[in-house]
Amino acid sequence: MGKVLIIGAGGVGTVVAHKVAQNSDVFTEIVIASRTKSKCDAVVKAIGNPNIKTAQVDADHVDELVTLFNNVKPEIVINVALPYQDLTIMEACLKTGVNYLDTANYEPKDIAHFEYSWQWAYRQRFEEAGLTAILGCGFDPGVSGVYTAYAAKHYFDEIQYLDIVDCNAGNHHKAFATNFNPEINIREITQNGRYYENGQWITTKPLEIHKDLTYPNIGPRDSYLLYHEELESLVKNFPTIKRARFWMTFGQEYLTHLRVIQNIGMARIDEVDYNGVKIVPLQFLKAVLPNPQDLGENYEGETSIGCRIRGLKDGKEHTYYVYNNCSHQAAYKETGMQGVSYTTGVPAMIGAMMFLKGIWKKPGVWNVEEFDPDPFMEQLNKQGLPWHEVIDGDLEL
Ligand code: NDP
């Protein structure tokens, strides 16, 4: 059906590459490009399909991207590099007539600030160019938005309360490691918390609010209220929502390490002078922490991510919980990567599949919940992320 260009050959990029290769009826030609070409070549070797091509690109530079896109001529780019590259890749798409999909919203390097405004500003240009841009198509954001759209379509007249709950109950046997890019991960977690209630955003101190939530097949885990980017689009696209929150589990060991990292200044994102060389402490820390791509082999346990929703149907209050549990070992056996990369990469592939099949194809810039959730939900079951429902159960929230 179409040619796809994947940008980024990290944990998520590796999973995307495996999954597009498994769906060769849809993805008829595949190219993987990243800053370090040898990583793309290693991914191709692991997949064992020599027809997949690789290329080098620094996606911070629009001109390099334009040259690559003109050579490759993909129908869609799956951007699984870092959030810093979203805007340059979107610019290059507009210059070359290529459609776009990503899994994380744009962040400027010098401030850890998460909002869609930068990318939503491209709406008119994508619309006028007749190109589709699909934003935030990983798990959360991504499946969390599709789950919400599915609930709205099939179970509620009015969604009133939305809690996205993200538990990683895995054990990688390292004292401290992050499950995706450490720099992006630590920037996110050390921010103030924020949630939406009655039309307003309420700010909390970082990790100030937490409570035990019970996850299926896992049990109770201490869950912390964080700000997460999909809250911004979901409360706009489902205006009946009165309160929207996001919760993520952390173990005490992880939080102790994080506190030390912050207290000693290693989470700083400004430049410091070290022996005449300018370094960013958090980037240096990334260089010494375990690479998330190497965690898979000894990773045990599973993730459980879902949406807990309360709202009205035919004038009566109902609850709905939809979730997926993903085993780190099963993900590793299939793709060589752990569950967090897997749960992000599979939905990115499905989003691109939805586009190439013409189901999620409409000029403009869209968040995933603005498309029909049904064909996406069907693919989740087929592509390794089956979901389960609890209807009118206790949400604990
Ligand atoms: P990694 O750090 O493992 O991989 C990032 C890849 O992007 C690397 O191959 C890196 O190349 C490449 N890259 C970085 N900068 C550039 C550049 N300027 N030009 C070209 N390539 C570049 O990250 P992950 O795979 O863990 O995460 C990928 C994305 O997925 C991130 O944006 C992250 O925020 C997002 N994510 C989304 C989730 C969701 O559920 N929505 C969950 C988890 C992650 P090099 O190897 O040379 O550094």
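**Close-up 1. Who lines up around the ligand.** By class, the shell around the ligand is made up of 13 nonpolar, eleven polar and five charged residues. Keep in mind for this and every other view that the model is predicted. In total, 29 residues surround the ligand, and the closest are R35, T36, K39, A59 and N181. Zoom in on the polar atoms and you'll find a polar backbone atom of V12 sitting 2.9 Å from an oxygen atom of the ligand. D140 also brings in its backbone, with an N or O atom 3.0 Å from a ligand oxygen. D58 uses its side chain instead: an N or O atom there is 3.0 Å from a nitrogen atom of the ligand. On its own the ligand has 930 Å² of accessible area, and the protein covers 93% of that.

Close-up 2. Look for S304 in strand 15, which runs over residues 302-313. Is S304 buried or exposed? It's buried, because its relative accessible area is 0% and the cut-off for buried is under 20%. Its side chain joins that of N325 in a polar contact of 2.7 Å.

**Close-up 3. H173 meets E300.** H173 sits in the loop between strand 7 (158-168) and helix 8 (182-189). With a relative accessible area of 49%, H173 is partly exposed. Which residues does H173 contact, once neighbours within four places in sequence are set aside? They are N298 and E300. H173 and E300 are 127 residues apart along the chain, yet their C-alpha atoms are separated by 8.7 Å. Their side chains make a polar contact of 3.4 Å.

**Close-up 4. D270 in its loop.** Here the loop between helix 10 (252-263) and strand 13 (272-274) carries D270. D270 is partly exposed, at 35% relative accessible area. Its side chain makes a polar contact with the side chain of R268, at 2.7 Å. Not counting residues up to four places away in sequence, D270 touches I279, V280 and P281. P206 is another matter: 64 residues from D270 in sequence, its C-alpha is 19 Å from that of D270.

**Close-up 5. Aromatic pairs.** The structure holds 17 aromatic pairs. Take Y196 and W201: their ring centres are 5.1 Å apart and their planes meet at 65°, so this pair is edge-to-face. Y196 is buried, at 12% relative accessible area, whereas W201 is partly exposed, at 30%. Y224 and F250 make a tilted pair, 5.8 Å centre to centre with 55° between the planes. Y224 belongs to strand 11 (residues 219-226) and F250 to the loop between strand 12 (243-249) and helix 10, so their pairing ties together parts that are 26 residues apart in sequence. Y224 counts as buried at 4% relative accessibility, and F250 is buried at 10%. Elsewhere, ring pairs link Y150, Y155, F156, Y320 and W387 into a cluster.

**Close-up 6. Helix 14 and its cover.** Helix 14 spans residues 374-382, and its buried residues are P375, F376, M377, Q379 and L380. What covers them includes helix 7 (143-154), strand 16 (316-327) and helix 13 (339-356). Just after helix 14 comes G384, with a positive phi of about 110°.

Definitions and conventions. Residues are numbered from 1 along each chain as its sequence is written. This is a predicted model: local features need pLDDT of at least 70, side-chain atom pairs count only at pLDDT 80 or more; totals for chains, interfaces and linings use all residues. Side-chain values use heavy atoms; hydrogens and water are left out. Helices (H or I, at least four residues) and strands (E, at least two) are DSSP runs, numbered from the N terminus. Buried means under 20% relative accessible area, exposed over 50%, partly exposed in between (1.4 Å probe, protein chains only). Contact means heavy atoms within 4.5 Å. A polar contact is a pair of N or O atoms within 3.5 Å; within protein, one must be able to donate a hydrogen and the other to accept it, and residues adjacent in sequence count only if both atoms are side-chain atoms. A residue is near a molecule or strand if one of its heavy atoms lies within 4 Å of it. Accessible areas come from the Shrake-Rupley method with a 1.4 Å probe; for residues, only the protein chains shown count as cover. Ala, Val, Leu, Ile, Met, Phe, Trp, Tyr, Cys and Pro count as nonpolar, Asp, Glu, Lys and Arg as charged, and the others, Gly among them, as polar. Rings of Phe, Tyr and Trp (its six-membered ring) pair if their centres lie within 6.5 Å; planes under 30 degrees apart count as stacked, over 60 as edge-to-face and the rest as tilted.
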